[in-house]
Amino acid sequence: MALQKNQRIEIKFHGMSAEGMAVGRYEGEAVFVPLGAPGDRARVKIVKAAKTHAFGRLEQVLDPAPCRTEPDCPVYAQCGGCCFRHIRYQTELEVKFQRVKDALERVGGFQDLTLRPILPAPSPTGYRNKALLPLGQGPDGQLTLGFYAKNSHRIVDCPHCRLQPEEFRLVMEVFRDWARSYGDPVYDEVTHTGRMRRLYIRKAEATGQVLVCVVVKGSGLRHEAQLAQALRQAVPGFAGLVINSQSERTNVALGRRCRTAWGQGFIRDRLCGLEFDISPLSFYQVNRTQAERLYGIAAGYAALTGKELLLDLYCGTGAVGLSMAAKAQKLIGVEVVPEAVENARENARRNQVENAEFLCADASQAAKELASRGLGPDVVVLDPPRKGCAPQLVETVAAMSPQRVVYISCDPATLARDLRRFAQLGYQPQEATPVDMFPGTAHVETIVLLQRENS
């Protein structure tokens with residue numbers, strides 16, 4: 001008999017889903033439950049029932065799993081940011097490794113692929129160098145500042161996120177105090193009234209510089225000088241206050257126009273021996289320390305000797321390719337976003353990388369451009385978005401006949417699908433390494449080396 005909504009059951013969890021929910025079976029039917037841990041025996045209330053599976057709410061842990069631990073965040077159960085703070089970090093790593101392994105074997109069909117141990121983060125807390133915090137107003141009229149609850153636009157007020165550095169907590173404290181005395185009305189996304197929309201904070205880990213940005217409807221705030229002065233006094237490394245204008249009636253977080261209200265409109269960080277200027281609109285890896293290690297693995301897979309043409313697709317602001325450029329004869333980066341391409345060119349100039357060229361194009365356009373010059377890449381680096389590569393892109397890369405492809409993925413399922421497509425075109429995966437870039441969350445990065453057959 002299928003499970004019914006509001007039914008209460010006892011169940012033992014045996015694993016975790018890709019979204020970080022505990023998974024168990026009740027009379028053969030899969031049940032997914034947030035905040036459960038693999039090995040728990042628990043009482044669960046069914047909140048949604050489908051034909052083949054159900055979703056439940058954890059009501060009581062009857063027999064806790066050995067991996068269960070007390071969450072270190074008071075709003076963990078309400079906030080939609082983390083999903084693993086109730087289990088030990090070692091168990092989280094095991095769950096993520098198994099997720100990658102299952103995807104490669106079940107979706108990709110790669111039973112014998114060498115899968116290296118997952119690379120853990122040096123610290124599972126304080127690693128985020130970026131926070132984009134929505135602003136709201138509570139029933140008491142006070143400012144709410146935090147994160148959206150899962151699958152909603154309800155803001156969970158959070159004085160300090162454990163994933164963020166101490167400077168972010170100080171910025172949030174200063175902003176709350178300033179808002180009580182001087183703050184403009186908070187934006188209401190239903191009525192499209194008010195002014196203050198988001199608080200956006202970035203930190204350069206290597207230099208300690210902190211950039212604060214307030215996203216507003218309109219062009220500014222009435223008391224910007226007082227906010228800048230308070231931040232200067234309280235926040236170590238505070239480098240600048242920026243106002244970002246987003247007046248559209250949209251959920252898009254940032255507008256395209258920024259104005260520096262005090263100090264400088266960017267911060268400077270170092271990654272893989274290179275310097276990068278980071279503005280509010282710049283793409284930059286959220287976990288710099290792990291990004292540096294991830295790029296190191298990618299460089300090892302690329303195995304450059306100084307003679308190769310390296311093609312970096314989805315290059316963004318150029319960080320991956322530029323970190324390898326010194327070992328290549330030439331680097332060509334490809335990106336469809338014009339602003340990112342200009343940032344990549346500026347990053348190359350700043351770091352005196354003279355063998356790099358960046359094209360504003362898609363992969364097929366870049367392939368035609370290279371062919372017209374009589375060039376063919378020896379190594380291709382791919383770092384696509386979560387949806388992975390379109391089939392045409394896989395075909396385009398294979399048609400360029402590189403010796404090796406280094407694929408950096410943020411989704412194991414789309415990675416496995418794309419690796420299967422590459423294998424059908426003569427590129428077999430040789431080795432994969434999972435990297436935990438985002439402890440506490442369900443996300444996991446994976447780097448894969450593919451080799452052309454008979455190369």
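Phe-175 and Trp-178 are three residues apart in helix α2 (residues 166-181), so about one helical turn separates them. Helices here are DSSP runs of H or I with at least four residues, strands are runs of E with at least two, and both are numbered from the N terminus. This is a predicted model, in which local features need pLDDT of at least 70 and side-chain atom pairs count only at pLDDT 80 or more, while totals for chains, interfaces and linings use all residues. Residues are numbered from 1 along each chain as its sequence is written, and side-chain values use heavy atoms, with hydrogens and water left out.

Rings of Phe, Tyr and Trp (its six-membered ring) pair if their centres lie within 6.5 Å; planes under 30 degrees apart are stacked, over 60 edge-to-face, and the rest tilted. This rule gives five aromatic pairs. One of them joins Phe-175 and Trp-178, which are tilted, with 5.4 Å between centres and 40 degrees between planes. Phe-175 is buried at 1% relative accessibility, and Trp-178 is buried at 3%. Buried means under 20% relative accessible area, exposed over 50%, and partly exposed in between (1.4 Å probe, protein chains only).

Phe-238 and Trp-262 form a stacked pair, because their ring centres are 5.2 Å apart and their planes meet at 10 degrees. Phe-238 belongs to strand β12 (residues 238-245) and Trp-262 to strand β13 (residues 257-263), so this pair ties together parts 24 residues apart in sequence. Phe-238 is buried, at 11% relative accessible area, whereas Trp-262 is partly exposed, at 28%.

A ring can also face a charge. Arg-197 lies over the face of Tyr-187, 3.9 Å from the ring centre. The criterion is that NZ of Lys or CZ of Arg is within 6 Å of the ring centre and within 35 degrees of the ring normal.
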